[in-house]
Amino acid sequence: MTEPILSVRGVSKTYASGVRALHAVDLDIDKGEIFALLGPNGAGKTTLISIICGIVTPSTGTITVGGHDAIHAPARARRQIGLVPQELATDMFETVLSTCRFSRGLFGYPPHAGHIDQVLKDLSLYDRRNARIMELSGGMKRRVLIAKALAHEPDILFLDEPTAGVDVALRRDMWQLVHRLRAQGTTIILTTHYIEEAEEMADRVGVIAGGKLLVVDEKAALMKKLGKRKLDIALSEALVAVPAALGDWRLSLEDDGRILRYVFDTQSDRNDIPGLMQKLVEMKIGFKDLETSTSSLEDIFVDLVGEGAK
């Protein structure tokens, strides 16, 4: 079994004020995977990333990046990491090209004009390579942050809310770039509020809330274990309340009593839909249509975050 490219053990953060931003987190990331960390604002996503990237010092725990101790040998670990932060933070008077070259040099790598040029082409920045950053649009400035993070050819790329507030074109280009990087063996770790993107892109998903990592699993397995199915029965006549005789099923009334909704776990052995339908016939409750659906990743996320806040 191969060693994970990133291993986090017992990492927590409590600030001097007493605020506990992160509880003990255990997390392993495999080389070449796309991992999505989902959570609301203030959940601890950025704190965890900042600790791994050496920006924030943890209160407890250990971190290993590519076999290097990220806490006691941060320079060697940090060379393997590229970080695209949420906030724009770069010298506005520098050109795009000089900014990327400088970022590569910061990590002790020799110049590599071919690599820098290719990154700029991938991000549609090559034609503006000699423009000052202050002259670029907001979307272009975001692309520069990504180019800087990729300048030193990192093995792991962190994208902290990469598509928040960007235009559709940049979002599309960015996800195409993510696919290319993964094909080249780069490990991608992203935080996002766009759950549909995590559902489409990620191999595994972690959900964090209140500084606690609530669950980590493969996307399909998570949806299978925690997802629910929903059966909506369109009634011929509206009901005022769910009859007591239907108490064996988890039922609710929707749409002013015109929809009888049955929610059940996908893995439950007791998904007694035939029994429910037979009971409705016995009770002379008429229905005219049936519709089933399965929980989305967003439904699961909302449920988990609600539980984590308790």
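Predicted model: local features only at pLDDT ≥ 70, side-chain atom pairs only at ≥ 80, totals over all residues.
Q: Helices (H or I, at least four residues) and strands (E, at least two) are DSSP runs numbered from the N terminus; in which strand is F287 found?
A: F287 is found in strand β14, residues 287-294. Residues are numbered from 1 along each chain as its sequence is written, and side-chain values use heavy atoms, without hydrogens or water.

Q: Why is F287 called partly exposed?
A: Buried means under 20% relative accessible area and exposed over 50%, with partly exposed in between (1.4 Å probe, protein chains only); F287 has 31% relative accessibility and therefore counts as partly exposed.

Q: Which residues of helix α9 are buried?
A: In helix α9 (residues 273-282), G275, L276, M277 and L280 are the buried residues. Just after α9, K284 takes a positive phi of about 60 degrees.

Q: What makes K13 a charge over the ring of Y15?
A: The rule asks for NZ of Lys or CZ of Arg within 6 Å of the ring centre and within 35 degrees of the ring normal. K13 lies over the face of Y15 at 5.0 Å from the ring centre, and K121 lies over the face of Y126 at 4.9 Å.

Q: Which elements have the lowest and the highest mean pLDDT?
A: Helix α10 (residues 297-308) has the lowest, 67, and strand β1 (residues 6-14) the highest, 96, whereas the mean for the protein is 85, with 90% of its residues reaching 70 or more.

Note on methods: pLDDT = per-residue confidence, 0-100.
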